[in-house]
Amino acid sequence: MSSKRDYYEVLSVSREVASDELRKAYRREALKHHPDRNPGNASAEAKFKEVTEAYQVLCDENKRRVYDQFGHAGLEGAMGGGPGFEGVSDVFAHMQDLFAEMFSGGGGFGGGRPRRGGDLRVQTRLTLREAAFGCKRELTVRAPAPCADCGGSGAKSGTKPEGCPQCHGSGQVSNARGFVMFTSTCPRCRGAGRVIKHPCPTCAGHGAVERARKVTVTFPAGIDAGQRLRVPSQGIAGPGGAPSGDLYVEVDVEDDPRFERDGVDLVTRVRVPFAEAALGADITVPALDSEDGAAGVEIAIPPGTQSGAVFTVKGSGIPRLDGRGRGSLVVVVQIEVPTVLTPRARELLEQLGTELRSQVSDEREAKRAAGGK
């Protein structure tokens with residue numbers, strides 16, 4: 001007794017199924033189990049062979065009639081094309097047509113779908129202020145564009161592309177290995193489905209020439225160096241009217257002599273005269289908000305401020321990309337010590353030094369006395 005499953009059961013159809021429904025059933029099962037969709041899956045490959053074998057029999061009226069009357073036993077020796085049966089080459093041609101239909105669009109593996117254009121990548125440099133607060137830039141990009149002389153067809157004026165004789169316009173060819181059908185890109189037209197006998201002299205048959213064009217790009221506030229911005233549909237145009245690819249803009253940010261960027265915070269270093277640091281003062285530090293840097297932020301330096309002291313001004317840093325406020329302005333104080341002194345300045349500093357040493361000595365004595373009680 002044959003161990004093979006019933007062919008109608010394999011295709012999940014009734015014994016009265018019409019040819020159109022049988023074709024749809026096979027198409028559904030073949031797509032589900034095709035090796036291209038299930039790489040390395042032995043079970044799927046076996047099922048694909050099984051549904052292909054079932055369809056090869058049931059799609060042929062003579063074989064189906066014999067199978068309905070005698071089952072699998074009636075087909076033994078007949079699959080090779082005995083008397084009264086359709087020849088193997090005819091069956092293969094029928095199967096090849098079906099696979100060409102399956103893979104040329106309509107739910108196959110995308111052979112007939114328009115190919116999206118390629119992506120473009122450019123790099124641009126922004127100032128720190130532009131990156132912080134956002135800006136618009138007009139960028140020049142060079143990319144292939146449809147050839148004006150041939151309208152993008154690639155064919156010489158007065159001629160047009162012709163259907164590929166090898167794949168009959170599908171862009172793919174199918175080959176049978178046993179009960180398994182394998183598809184690949186047509187080697188003659190390289191998947192285009194057409195061939196150009198008389199190429200356009202301007203674009204050499206490519207259908208496109210390189211051109212420069214302007215693209216306006218909006219950079220959001222808070223963007224940073226190393227980040228990439230995607231501009232949809234501004235890449236390379238797709239062939240035959242297919243969608244264009246995207247433009248990717250890689251961002252670089254110029255160094256600013258006044259600030260160092262740390263995420264959403266800005267760090268600036270200010271030099272404070274020795275006297276102001278000792279006595280305390282209100283000082284103005286640079287702010288990024290002012291385009292010319294003239295305006296700034298006022299902060300209070302308390303008496304006795306040491307070199308390296310840090311003051312934080314919240315909300316004066318870089319705007320966050322998500323729009324949730326801004327970072328901080330971090331001010332690092334550097335005490336400015338004069339390197340050249342006038343005689344009067346030297347005399348005053350010496351007096352100050354004597355006074356400070358006396359004060360420090362008195363403070364030590366007071367601490368020792370307090371500790372001895």
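Which strand does Ala145 lie in? Ala145 belongs to strand β2, residues 135–146. Strands (E, at least two residues) and helices (H or I, at least four) are DSSP runs, numbered from the N terminus.

This is a predicted model: local features need pLDDT of at least 70, side-chain atom pairs count only at pLDDT 80 or more, and totals for chains, interfaces and linings use all residues. Residues are numbered from 1 along each chain as its sequence is written, and side-chain values use heavy atoms, without hydrogens or water.

**Around Ala145**

Ala145 counts as buried because its relative accessibility is 17%. Buried means under 20% relative accessible area, exposed over 50%, partly exposed in between (1.4 Å probe, protein chains only). Beyond its neighbours within four places in sequence, Ala145 contacts Gly207, Ala208, Val209 and Arg211. Contact means heavy atoms within 4.5 Å.

**Aromatic rings**

Rings of Phe, Tyr and Trp (its six-membered ring) pair if their centres lie within 6.5 Å; planes under 30 degrees apart are stacked, over 60 edge-to-face, the rest tilted. The count is three aromatic pairs. One of them is Tyr26 with Tyr55, stacked at 4.5 Å centre to centre and 5° between the planes. This pair links distant parts of the chain, 29 residues apart. Its two residues sit in these helices:

| Residue | Helix | Helix residues |
|---|---|---|
| Tyr26 | α2 | 19–33 |
| Tyr55 | α3 | 42–58 |

Both Tyr26 and Tyr55 are buried. Elsewhere, ring pairs join Tyr7, Tyr8 and Tyr67 into a cluster.
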